[in-house]
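Q: I would like to learn how to read some local features in a model. Please take them one at a time.

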Amino acid sequence: MKGMVHMKEASNKGIVIISILMITVVLLMLASSLLAINYYNLGFTNIVENKASALKIAEAGVAYAIYCLKEDSTWQPPSGGLPMMEIPGRFEITFDTAKEFYSVNNLEHGVRDGAWGGSKVPGYSVDLIVTGILDRGDNKVVKRVRVILQRDFYSPGSFSSGQTSVDANTIDIKKEATADNPSEAGNIHSNSIKSSNNDPAIKTIDSSGTSTYVYLHGGIASAQGTIDIKDTQSDHNLDIENNSSVDRVKQSKNIKPIDIDGTISQAKNNISSGSITSGNTYVIYKDKVEPPLPPSCTVSNGQLHITDNIVFNGNVRFEFDYSYADPSNSAYDPSVNIADGGIYFDTLSGKSPSLYVDQGNLLVAGALKGNGSCYVSGEARFIGESNIVAPGDTGVAILSKKDIYMELPSVTDEALNLNITGLVYSHGNINVDILDPNDPVNPANNFTAGQWPSNWEDIVLSSSGGGGGGGTVYPVPYTGVANGVNVSISTDGTGTFTKNADGSYRLQLTPSGANSVVGSYYISANSNTDSEDYASSSAAANFDITYPGTSTLARLFNVFSGSSGGGTTTTGSGTKIDPDFHITGGIVAIDPNNPVPSQAKPDNPSAGNIHINIGEGKFFIVSSKKYLKLLESSRASGVGFKTILWSEI
């Protein structure tokens, strides 16, 4: 029995040992599995963390690029990438298009080809490809992100760091439509913090309650302060029918001031000494200017033609002699129309000239015409019916460090027009006014060349007094087609066909060549509804004939010359009509010392303000990026970007 008991005990011990071994094996297998799972989990976690870290490195590269491009739009990234401080990794950016993954800096240009992958680069943007690299020795992880950042550029129709006040019949602001963006929505903005109802940031209602009607064509009026544009259905002076609106959320917008002194200084360094002259009062006579100017300036028929850049040191004043337009003066020349006088910028070999005034003011007591620019370190004042187009490379029409004045007189029967295509920009105030008859800059007052008549604006510019078509001189022989009217003046002599102050037309002919007499002449004017012909075949030593202003011939020539119809403002009653002003580009006034006013530093009444005071005249602005290039260049630094694409590649 004892033997059997011992055998049973031994058998039980064996079973226990086997069970323990089996449990141990299971536990070992379980532990091994857990170790394996943990190992792979750790590996997977490391992979995820490394990829996330590499992505974060790439995103850090984007942030770094944005910072650098804000400070310098021409920034170039360091070769070899930039290492991270506490992470074993770096990010790489290159603008070298020969590399596999490259970025494109297009901050200074419109849409163009050349982006990575064969696509186009949006205008005024940077197409960034940033490679983030995490390098832990035997474990290297690469992540790439592609980000397209476009400058958050504010295209101003009208922009002021201070107050904008408008007293006019209407102000019409719209954006130039393009194929990519057909919207014409314009905008007006003021950074002024003025919040009084009587003295707001944007003022369109005068003290008597009369309001200027505002057309924004679906755009927005915005300001830091109060805006007194009414926009309710029951009471409005805004084209709400076009979905234009007033943004009542107080906000600022930033446009970095332009370095005007630097621009003028650079021009002086790049110009020949022969084109730099001293400031003075220059009188433009019919065929000369006194004192003389550099050879790039010539005078013909009261027109000063400038064909190359010119710099004046000190104050400059241009006046126009009236003697050749005065019938009582011995210098009178009826063949020359003083209304066509002015300063003409003439494009030569594809280059448009610029007029620079360093350390002085500029006054032009007449019109600016042609293709060119004015840069003035002081005050700039223009009182004529100007019509200038800025060159395409800069887009600048008038750039002034101090106040800009643009003035036109009110005249009888037909509104005068100032037309400027380009950026009008000032670090002082921009003032648009009706010319005061008592102002010292009025040609009727205190001119070196002699005073003009007190009613010169009607004699020279009004349609009833010789302007706006009055005073127009046609050389004979002459043919032309305009405004639906065909005109022709033929003769075997030579002469002129002139519109007189009373609206009549005068034909003056003299023999030509070896002829002792004028053998014949023929005048014809016809439209779809009217025609008039005058002819003579009788010989005469000369012909001097006047056709009444009431004649069909006179009326047809008026239509032909654009002195009636054509959408101009007329009354036909002799009433004085206030002038109209047209700007294609933008009008910007910025106080460079305080571009974004605050309660601690409010806006300055002497700088950064726009004041339009033209009575019943109309003010038109077409905002065009073509003429805001210098503004865009200044915007490339110190401002933000908007993201139009963010993706991993």
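Q: Which residue lies over the face of Tyr 285?
A: A charge sits over a ring if NZ of Lys or CZ of Arg is within 6 Å of the ring centre and within 35 degrees of the ring normal. Here Lys 288 is placed over the face of Tyr 285, 5.3 Å from the ring centre. Arg 381 lies over the face of Tyr 405 in turn, at 4.7 Å from the ring centre. This is a predicted model, where local features need pLDDT of at least 70 and side-chain atom pairs count only at pLDDT 80 or more, while totals for chains, interfaces and linings use all residues. Residues are numbered from 1 along each chain as its sequence is written, and side-chain values use heavy atoms, with hydrogens and water left out.

Q: How many aromatic pairs does a search of the whole structure find?
A: Rings of Phe, Tyr and Trp (its six-membered ring) pair if their centres lie within 6.5 Å; planes under 30 degrees apart count as stacked, over 60 as edge-to-face and the rest as tilted. The search of the whole structure gives 18 such pairs. One aromatic cluster consists of Phe 497, Tyr 505, Tyr 534, Tyr 547 and Phe 557.

Q: Which strands stand at the edges of the open sheet of ten strands?
A: Strands are DSSP runs (E, at least two residues), numbered from the N terminus, and two of them pair if DSSP finds at least two bridges between them. The order in this sheet is β12-β9-β46-β34-β31-β28-β25-β22-β17-β18, with mixed pairing. The edges are β12 (202-203) and β18 (289-290); each has a single partner strand, so one side of each is left without a neighbour in the sheet. Inside the order, β17 (residues 281-284) and β22 (residues 316-320) pair in the parallel sense over four bridges. Val 283 has Glu 319 as its bridge partner in β22.

Q: What is the peptide bond from Glu 290 to Pro 291, cis or trans?
A: Most peptide bonds are trans, and most residues other than glycine have a negative phi. The bond from Glu 290 to Pro 291 is cis, with omega near -10 degrees. Pro 291 lies in the loop between β18 and β19 (297-300).

Q: Is Asn 243 buried or exposed?
A: Buried means under 20% relative accessible area, exposed over 50%, and partly exposed in between (1.4 Å probe, protein chains only). Asn 243 counts as exposed, at 64% relative accessibility. Its phi is near 65 degrees, a positive value in a residue other than glycine. Asn 243 lies in the loop between β14 (220-223) and β15 (245-246).
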